[in-house]
Amino acid sequence: MEKVDCVVIGTGLYGLGAAKQFRHFNPQSSLVVFERESSIGGTWADHRLYPGIAANNLFGTYEYPDFPMDFEVFGVKKNEHIPGAVLNAYHKAYATEFGITPLIRFTTKVLVAEHMEIEEGGWELTVLNSETNVETKLYTRRLIVATGQTSEAFVPHFDGQETFGGPIFHGKDWPLYADTIKKGTTITVFGGTKFAWDAVYQYASAGARVNWVIRASGHGPCWISSPWVTPLKRWIEQLANIRVLTWLSPCIWGQYDGYTRIRNFLHGTAIGRAIVRGFWSALAQDVISSNKYDSHPNTAKLKPWTKAMLTGTSYSLFNYQTDILELIKSDLVTVHVGEIDHLSPGAVHLADGTNLESNVLLSHTGWKHVPLLKFLPEGIEKELGISHSPLSYSGNVDLDSDKQLLQKADEEILRRFSILKDTPNWNPNYVPLTEQKGIDSDDIDAPCKPLTPYMLYHFIIPSSERFLRTRDIAFSGAVSNFSNPITSHLCGLWISAYFNGQLTIDPSAAVGDKKALAEIKYETVLHNRFGKWRYPTDWGTSRPPSFIFDAVPYLDLLLHDLGLQSHRKGGWWSEMWSPYDPRDYKTVNEEWEKMNKIKC
């Protein structure tokens with residue numbers, strides 16, 4: 001059996017970042033990277049590119065801190081959205097620059113990861129090469145799971161779909177059906193996410209007729225705006241990373257930024273909460289008034305149902321070459337708020353009796369939120385801290401103890417952030433997708449199935465004593481924010497330091513100490529439970545963490561664990577008002593090496 005020091009699963013943004021950092025800080029260790037597809041890049045891989053795809057990000061915000069996206073190389077200018085093809089090339093260039101490409105084994109899927117019942121731990125992996133159909137085994141001392149949050153599409157079954165007669169596909173497979181983007185196509189687009197906006201835009205721009213169906217019993221249309229928001233017309237990606245404005249976001253780990261007093265004032269006093277409400281109200285009203293939703297029956301149906309403050313990374317930006325709102329107002333698009341009841345030859349039937357002529361159905365119905373491999377021994381998911389079906393856990397578990405911790409966390413969250421007590425029910429008629437009439441799925445990991453919450457310490461590692469002792473697994477990318485490239489870079493450094501026992505604040509030091517372990521577990525529960533109150537639709541209780549204005553404090557938390565400086569602007573005014581971006585973290589590796597006297 002082949003033996004290696006570390007395996008990384010996945011070559012998206014977080015997988016490449018983790019692989020690069022591990023290799024940099026462990027140059028003598030063997031590393032293998034498994035990628036189930038034939039191209040790197042995750043969301044931006046070769047097979048995921050479709051006509052017109054571009055990032056929400058403007059030039060300068062989507063890049064690793066130590067690998068700038070130079071204009072001379074990639075051709076993207078200031079204030080331009082980054083095309084998907086450029087991001088594809090950027091990830092490939094990053095992997096080549098840091099020697100990761102030769103370590104990648106493409107078209108190889110990890111089927112099973114079994115934890116070894118030996119003192120030093122480690123994992124026996126069962127892997128399958130999809131080209132040769134050969135299954136092999138490999139032992140790795142360390143495992144980094146970076147399978148991403150948009151890797152496995154959730155595709156429900158619609159009553160009558162066998163008779164529909166046209167293609168039915170998820171957004172992930174859109175490149176396979178690019179030939180349907182043409183005049184003469186009549187398509188039903190099902191979903192209210194940014195991808196649905198992209199699909200409506202591409203088809204209508206090509207002259208196709210579009211029926212856009214948004215579930216009346218769902219989360220509703222996503223928040224979407226110009227990249228420039230508020231009356232001051234500030235770039236939202238920068239706005240979210242201005243330290244002063246991060247104080248206006250209720251954040252359970254906010255104390256790691258060092259500004260506890262101002263946070264206590266803003267969230268613990270009536271005057272402070274009035275300021276917080278005023279900020280979020282102004283942000284929301286600016287978007288609603290700028291989009292002029294009420295100017296047309298179609299756009300009126302696209303007004304968000306959720307509060308802006310409670311919205312995570314589903315918040316999206318207009319990145320189109322022409323005005324999509326004017327296109328939606330044209331005769332080519334009709335927006336329906338309803339339920340799909342069934343399909344028949346050439347038609348999608350809604351529950352209210354409306355029949356939509358269609359020869360294509362694009363169903364962007366979400367993603368599976370559990371890692372794409374089986375962990376053994378059976379029932380180990382709870383100790384790992386990953387989301388799973390409560391019924392899949394076969395070990396002994398003190399359910400009362402778990403409930404007590406959740407209750408304690410809820411009480412602390414609502415005591416510190418009473419503004420979250422007023423969280424409205426975004427849709428009193430909400431019904432999980434898989435329970436809607438006409439739609440069926442037996443997938444236990446479908447996005448609306450009841451799953452336990454993620455319970456990863458600092459959203460990276462298990463908090464159970466078993467895995468803190470062996471220090472042999474980490475999850476990179478089990479979190480999402482508007483600063484993902486920076487998070488990937490710091491998370492990769494954090495993981496390497498953790499594996500090597502070099503964290504300044506090391507959770508593994510709690511092993512053998514019941515009180516310390518209890519504190520680690522409670523902090524893990526507190527941080528993960530926060531999503532239920534702070535981001536009820538984007539994070540909620542079973543999806544991975546998703547946040548926007550809380551990203552800079554999270555980066556502060558990681559740097560705190562590493563013993564590095566989190567205030568990186570060099571002056572109090574800049575620290576308060578200058579937005580953080582990748583360039584502020586470009587010397588993190590050198591600072592870490594100097595502090596630890598490492599030569600890599």
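**Labels and their cut-offs**

Mentor: Let us start with K194, which lies in helix α4; helices (H or I, at least four residues) and strands (E, at least two) are DSSP runs, numbered from the N terminus. This is a predicted model, where local features need pLDDT of at least 70 and side-chain atom pairs count only at pLDDT 80 or more, while totals for chains, interfaces and linings use all residues. Residues are numbered from 1 along each chain as its sequence is written, and side-chain values use heavy atoms, leaving out hydrogens and water.

Trainee: Why is K194 called buried?

Mentor: Buried means under 20% relative accessible area, exposed means over 50%, and partly exposed is in between (1.4 Å probe, protein chains only). K194 has a relative accessible area of 10%, so K194 is buried.

Trainee: Which residues does K194 touch?

Mentor: Contact means heavy atoms within 4.5 Å. Not counting residues up to four places away in sequence, K194 touches N56, C222, I224, S316, L317, N319 and Y320.

Trainee: What makes the K194 and N319 pair a polar contact?

Mentor: The term needs a pair of N or O atoms within 3.5 Å; within protein, one must be able to donate a hydrogen and the other to accept it, and residues adjacent in sequence count only if both atoms are side-chain atoms. The side chains of K194 and N319 are joined at 3.1 Å.

Trainee: How do you know that the span of α4 agrees with its number of residues?

Mentor: The expected span is 1.5 Å times one less than the number of residues. For the twelve residues of α4 (residues 194–205) that gives 16 Å, and the end C-alpha atoms are 16 Å apart, so the two agree.

Trainee: Why is α4 described as largely enclosed?

Mentor: Eleven of its twelve residues are buried, so the rest of the structure largely encloses α4. Among them are F195, W197 and Y201. After α4 comes G207, with a positive phi near 95 degrees.

Trainee: What makes R583 and E63 a salt bridge?

Mentor: A salt bridge is a side-chain nitrogen of Lys or Arg within 4 Å of a carboxyl oxygen of Asp or Glu. For R583 and E63 the closest N and O atoms are 3.6 Å apart. R583 lies in the loop between α17 (572–577) and α18 (588–596) and E63 in the loop between β3 (54–58) and α2 (71–74), so the pair ties together parts 520 residues apart in sequence. R583 is partly exposed at 44% relative accessible area, whereas E63 counts as buried at 5%. E63, D581 and R583 are linked in a network of salt bridges.

Trainee: How many salt bridges does a search of the whole structure find?

Mentor: The search finds 23. One joins the side chains of R243 and E575 (2.6 Å, N to O). R243 lies in helix α6 (residues 243–246) and E575 in helix α17, so this pair ties together parts 332 residues apart in sequence. R243 is buried at 0%, and E575 counts as buried at 3%.

Trainee: Is D294 buried or exposed?

Mentor: D294 is exposed, with a relative accessible area of 61%. Its side chain meets that of K303 in a salt bridge (3.1 Å, N to O), and K303 is partly exposed at 28%.
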